[in-house]
Amino acid sequence: MTGLVFLSASGGLGLTTMTALMAKQLQDMGLSCALADLDLDSGGMDVLVGIEGAPGMRLGRIRAPLGRVDPQALHEELPIWDGIPVLSNDPWSAPPQGWWDVDAAVSAMAGFADLLLIDAGRGRGLGNLRSLRGMPSLLMVDMTVLGLARAKALLHALKSRRGAGDRDQNSQLIACRPPMAVIGMMPIQHWVSHGVDPEEAEEFLGRSLDAVLKPQPNLSASVLDGRGLERVPRAYVRALHPLVERIARMITVGEREGDQISPHESIRSRTVR
């Protein structure tokens, strides 16, 4: 596995944050990582991690008229965050010119490191990217009634997209694999009284949740204040550890991407309270 696609059916869950924090955890385990921001509508990964002022290439400046970008040249031009190369998307400065530019950039980055972690937003507008076809994915779910409904619809669409294969060439939805893991994010308590119970969420989605997290005020404050991602919250480290270890095994040992975490790993042990 050279890539892992992060998806969410709902905005505002911290998908970009989770992608970056997962890269940091894997990097701390001795694996080299790279980050690609393919949230074509929003972007801003460089701002989120605190390197918006660093010189270097952004997605909107990629030009690949022949469908190819030199990996070494791109690597040397990317800004670095804590040892991790970052290709950020800043659509307010220069939106990507064509899907072939984005596709060439992803293909070039796949050789940078042990794992390329991709923030794909809601997965829309990425249907033409051959470099993402067949990549394993990870889904973040808003643990509200509406969030779960949206997540279930996206899960169904991804399964249908994969089953259609070459017959669905015109779809704008990303053609990665259905999620190998699902992470639930509880709502902020000031907005609603409480989120959906994990057991009810699993029953509705028809699959297990690999971790359930609560928003961390200190993490949100560091991002909103422009200080970037200073560290991975300890609660997240504990909750995500089994999943991070599994991803590391998939890279170093070659475990099949479709394998599920064993049923005896109870979700209750991985829920942040």
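Biologist: In β4, which residue is the bridge partner of L35?

Modeller: V86 of β4 is the bridge partner of L35. Bear in mind that the model is predicted.

Biologist: How many bridges join strand β2 to β4, and do the two run parallel or antiparallel?

Modeller: Strand β2, residues 33-37, is joined to β4 by two bridges, and the two strands run parallel.

Biologist: And strand β3, how does that run against β4: parallel or antiparallel?

Modeller: Antiparallel: β3, residues 80-81, is joined to β4 by two bridges. W81 has I84 as its bridge partner in β4. Two residues lie between the strands of this hairpin, and D82 takes a positive phi near 50° there.

Biologist: How should I read the faces of a strand such as β4?

Modeller: The general idea is that side chains in a regular strand alternate between the two faces of the sheet. In the case of β4, residues 84-87, I84 and V86 are on one side, while P85 and L87 are on the other. All four are buried, and both faces of the strand are covered.

Biologist: Is V5 buried or exposed?

Modeller: V5 counts as buried because its relative accessibility is 0%; the cut-off for buried is under 20%. V5 lies in strand β1, residues 3-8.

Biologist: Which residues does V5 touch, leaving out those up to four places away in sequence?

Modeller: With those left out, V5 touches I118, A120, L132, M135, P136, S137, L138, I174 and C176. As for a separation along the chain, V5 and D119 are 114 residues apart, yet their C-alpha atoms are separated by 6.3 Å.

Biologist: Now the helices. How do I read which way their residues point?

Modeller: An α-helix has 3.6 residues a turn, so residues three or four places apart point the same way. Helix α4, residues 99-109, is mostly covered, with eight of its 11 residues buried. Those buried residues are D101, V102, D103, A104, A105, V106, A108 and M109.

Biologist: What covers the buried residues of α4?

Modeller: The cover includes β2, α3 (71-77), β4 and β5 (115-119).

Biologist: Where does T17 lie, and is T17 buried or exposed?

Modeller: T17 lies in helix α1, residues 15-28. T17 is buried, because its relative accessible area is 11% and buried means under 20%. Not counting residues up to four places away in sequence, T17 touches L48, L219 and L229.

Definitions and conventions. Residues are numbered from 1 along each chain as its sequence is written. This is a predicted model: local features need pLDDT of at least 70, side-chain atom pairs count only at pLDDT 80 or more; totals for chains, interfaces and linings use all residues. Side-chain values use heavy atoms; hydrogens and water are left out. Buried means under 20% relative accessible area, exposed over 50%, partly exposed in between (1.4 Å probe, protein chains only). Contact means heavy atoms within 4.5 Å. Two strands pair if DSSP finds at least two bridges between them.
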